[in-house]
Amino acid sequence: MNKTTKKYASVALMLLMTFVMIFGAVPAAYASEYKTIEELNGKKIGVQTGCLYETHIADECPDAEIQYFTMPQDMILALNSNKIDAYLIEEVGYYATAAVHPELATLEESAGLCEAAVIIGNNDKQERLLREINEFIAKHNSEGDGMLDKMFKYWVEDFDAEKSRTEQGGFTGENGELIIACEGGYEPFSYVNDEGDCGYDVDFMYRFCREYGYTPNIQRVAFESIAPGAESGKYDIGLNIILSDERDANACLSEVYYTCDIFMVVPNEVDEGVGFIAKMKDNFNNTFIKESRWKLFASGAGITLMITLSSILLGTSIGFAVFMLCRKGNKIANGITNGALWLIQGMPTVLLLMILYYIIFGSTRLSGTVVAIVGFTLIFACSMYEMLSVGFGAIGNGQYEAATALGYSDRQSFFKILLPQAAKHFLPIYKSEVVTLIKETSVAGYIAIQDLTKISDLVRARTYQAFFALIFTAIIYFVISGALTRIVGMVEKKVDPKSRPKDKILEGIEEIE
């Protein structure tokens, strides 16, 4: 079996394993053996990161193993595949999923009360926004004109993913722009449909902006990143922050703008009665055709490709320039470079991006895409510097001395004699680093970027179906990786003397017969 056959065989095997994991590993749903929350003590319970719902069951389930998930649909998959025994979610989130997940049920006993507030960004707008948000809530809550109650009924009690819509527009913007952070993938609070951002939280903020003269700028970010982003001043408003004594003491929070019960979700006995082919057709339609969601994937792939190409080109240029400064042994340049290498390479990619986005560029309005390009450029520049060090380290000093003896200048010796030989050593590593960078860009969604992986999450949040979203995302990454490594491979072949035809090798040399 040749290398190409092995490669495609491994890809096919991976796709088959994913298929089996998603469809074959999910057992038939069964009636829950649990009737009370106390019976789940010592069991595995899922909680969405940052919601703090586990604190509500601490007394009844002190020995429970709490597992944290980024998005609610991930908890559903984990429950259906027996990775957890139950999970906690507020009632509005459960009702949004119940229609499409009859295999889920809730315990009759409430796990507690969820109280949500708005977090106000730590910037020069904070004092004014806190006053205005609280005025807005007081004016429209149950004790006011009841608008929030009507919104709750529309978005929660009568929620219909097909028909529920948020009024888009009508913003005067005389008081400027508000950067608003919401999860973006959580029905019925905030999600994306064919018209744009919608949901209870989005409707709440759009109404506020129209009433107080702002232009909203919705940023879809991971739920656990909303509060840190607001605290750094990156966002003016963060939505759906679950109240706790610690948060109330340390963050600038508004009055409560909605309350609801917290449910413990467990398996339920159902008779699905739907064929496999019908399920696949429904999955495909919901993932790509409905609301033209294929356009979201195309947009996400474009952003991923832009970040990748920009980071590779800039990282290659910067890494090469730094190597040129350091190759003669300059102590200052080498000291700074070694410190930067130690700092950047020793830090997880997600952490580096979040430090750049929320701290270093926290007070600026730089988009997440620009910050991601900066972060991945630094990472690739470090790799480029080390690749060049390895490549030139494999060439003996005699090569440079011989070039100098032949009358070549330092510049000529480097580019005409040394670099072509070094390229043969570092280009295979370069190809591998390109693939690594492409995979690393999948974490860009942590800083409010709608890249390919984040789009996959948003679509899964709407459909609650994972197969086509995940498989298609994996295929796109394979295509991007394959295309870029192919280009590097062509360059590698071009600089390899063994691949040159004889007339090119002997160019400029007169043959004596």
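Ile 447 touches Leu 353, Met 354, Tyr 357, Gly 368, Val 371 and Ala 372, residues up to four places away in sequence being left out, where contact requires heavy atoms within 4.5 Å. The model is predicted, so that local features need pLDDT of at least 70 and side-chain atom pairs count only at pLDDT 80 or more, whereas totals for chains, interfaces and linings use all residues. Residues are numbered from 1 along each chain as its sequence is written, and side-chain values use heavy atoms, with hydrogens and water left out.

Ile 447 lies in the loop between α15 (410-440) and α16 (452-463), helices being DSSP runs of H or I with at least four residues, and strands runs of E with at least two, numbered from the N terminus. With 0% relative accessibility, Ile 447 counts as buried, a term applied under 20% relative accessible area (1.4 Å probe, protein chains only). The C-alpha atoms of Ile 447 and Arg 220, which are 227 residues apart along the chain, are separated by 8.9 Å.

The axes of α11 (residues 331-345) and α13 (residues 368-393) come within 10 Å and cross at roughly 125 degrees, the axes being lines fitted to C-alpha atoms over the stretch in contact and the angles running from 0 to 180 degrees between N-to-C directions. In α11, Asn 334, Thr 337, Ala 340, Leu 341, Ile 344 and Gln 345 meet Leu 378, Ile 379, Cys 382, Ser 383, Tyr 385 and Glu 386 of α13.

Across the chain, the secondary structure comes to 18 helices and 11 strands, and buried residues make up 46% of the 513 residues.

Definitions and conventions: Buried means under 20% relative accessible area, exposed over 50%, partly exposed in between (1.4 Å probe, protein chains only).
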